[in-house]
Amino acid sequence: MAALIEIEKLTKRFGSFTAVDEVSFSVDRGEVLGFLGPNGAGKSTTMRMLAGFMPPTAGTARICGADVADNPVEAKRSLGFLPEGAPTYPEMSVSGFLAFTASIRGFRGSEKADRVALAMAQTQLEGVRLQPIETLSKGFKRRVGLAQALLHDPPVLVLDEPTDGLDPNQKHEVRELIRRMAPTKAIVISTHILEEVDAVCTRAIIIARGKVIVDAPPRALEVEGRSLEQVFRSLTLGTPKEAA
Amino acid sequence: MGGMFRRLCDLLAAGWLMWGPQAGLPCRPALIVGRRELAAYFATPVAYVFIVIFLVLAGALTFTLGGFFARGQADLMPFFSFVPWLFLFLVPALTMRLWAEERRHGTIELLLTLPLPQWQAVAGKFLAAWAFCGIALGLTFPLWITVNVLGNPDNGVILTGYVGCLLVAGAYLAVGAAVSAATKNQVIAFVLAVAICFVFAAAGSPVITEFLSNRMPALAEAARGLSVADRFGGFTRGVITLRDLVYFGSFIGFWLFVNAVVLDLKKAD
């Protein structure tokens, strides 16, 4: 069986600047891929291309076999995507917003209500279900974005910094949630928090200046008594000139 | 008070989204997007400011410059003659935030990664703005009641006049939406949309056509043919022709197509 996420030589250029340079990888069911790299390394750009938001300059991305460029609606149906910064409509209530995304995804009636309720339960949002999103704290907003991505129980999850802005307890909850879902899904998370990779990921990719530098299980990176942080620093600071 | 009202609106919007009538139409995603968008207008002061200013200006112009009473005729001609010019400024104010707001909140990334064809998102946003203009127009009903109390107007003509107003609003909205997709800057979106709409509004005016017919007679005819105001004139006299409907339909369709293309090119900028 083909992998749920297949990326082949994905490239994005902005003018003369190459943000993502021939990135290839695939993610199978049951894998949690940690996407690491310094700011501006191309993490979000890669995720945007994978989610079908940004058209790649070259290369292909497939979700459950559907090409995101040729067959976008089909690909997006199998995808739960948390964009960078967890954008939501600020004037909507939490349940109104989730009901909106559920409607677009084709759920109706009691099934829709159930899906919304379950997504709110998974992300501990029941207490604020009728509050306008703009009145919520950063951690709650992030979880609303996460709930939106989980709502349709997609086989593929792409989460751009899912735990950014959460307090330690909430981080723990989200990691537990990702771990629980992991066996049945292919999950990609980008993060700056290296301990998170150890905690939830079965595999780590380090990307710098648009290129994949390392693709290995986190344990394999920590051999010879080096911490993941030391590995990360030595790999991404390899050249003195830092990527913008 | 404001907060309570807002809460009520949110509740209504949430309820509407949960249990609203949902036929199995192929354009269902567009309707869902449109419904959310329309609810969003009323969740912010935009809707109220727009409607109040529109009603005040429409009323004031009709009764002062339009000479509603002095004319001694029971019709809404003075009102209809001002509506396209009011829309010229008010509609771009409505559309300038259409895509800019989505960009500012980053929700464009969310909306366009949901499983719906991009044209449905474009159509949904347009439909919401159009429905909103329809609501604003509908709220001018006291004028209609007034002429019916004062005399015996031809209500058929009044109805076609309203249809014409709605089509003019649709035409300007489509232009404004396309411009809004092209630029992040709301001021630029507003000014450009007014300018483009003005070209189409004024193309049939005597100043332009006389100028053109003296120099380039062929262009004068083309300008008249493209003029929104000229097409609208028929509606205010109670005449709906297929040509005019095709004109408005293709005008709106063209600009929505431009909107979708521009959006596709610039969405990630």
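Trainee: Is A:Ala220 buried or exposed?
Mentor: A:Ala220 counts as exposed, because it has 11 C-beta neighbours inside 10 Å. The model is predicted, so local features need pLDDT of at least 70 and side-chain atom pairs pLDDT 80 or more, while totals for chains, interfaces and linings use all residues. Residues are numbered from 1 along each chain as its sequence is written, and chains are lettered from A and ligands numbered from 1 in the order in which they are written.
Trainee: Which helix holds A:Ala220?
Mentor: Helix α8 of chain A, residues 218-221. Helices here are DSSP runs of H or I, at least four residues, numbered from the N terminus.
Trainee: New topic, chain B. At what angle do α4(B) and α13(B) cross?
Mentor: The axes of α4 (residues 77-95) and α13 (residues 228-236) of chain B cross at roughly 155 degrees and come within 11 Å. Axes are lines fitted to C-alpha atoms over the stretch in contact, and angles run from 0 to 180 degrees between N-to-C directions. That makes α4(B) roughly antiparallel to α13(B), a label for angles over 145 degrees.
Trainee: Which residues of α4(B) make the contact?
Mentor: B:Met77, B:Phe80 and B:Pro84, against B:Val228, B:Ala229, B:Phe232 and B:Thr236 of α13(B). Contact means C-beta atoms, placed from the backbone, within 7 Å.
Trainee: And between the chains, how many residues does the contact take from each?
Mentor: It takes 30 residues from chain A and 25 residues from chain B. On the chain A side, α3(A) gives the largest share, seven residues.

Definitions and conventions:
Contact = placed C-beta atoms within 7 Å. Helix = DSSP H or I, 4+ residues; strand = E, 2+ residues; numbered from the N terminus. Buried ≥ 20, exposed ≤ 12 C-beta atoms within 10 Å, placed from the backbone. Parallel < 35°, antiparallel > 145°, perpendicular 65-115°, else oblique.
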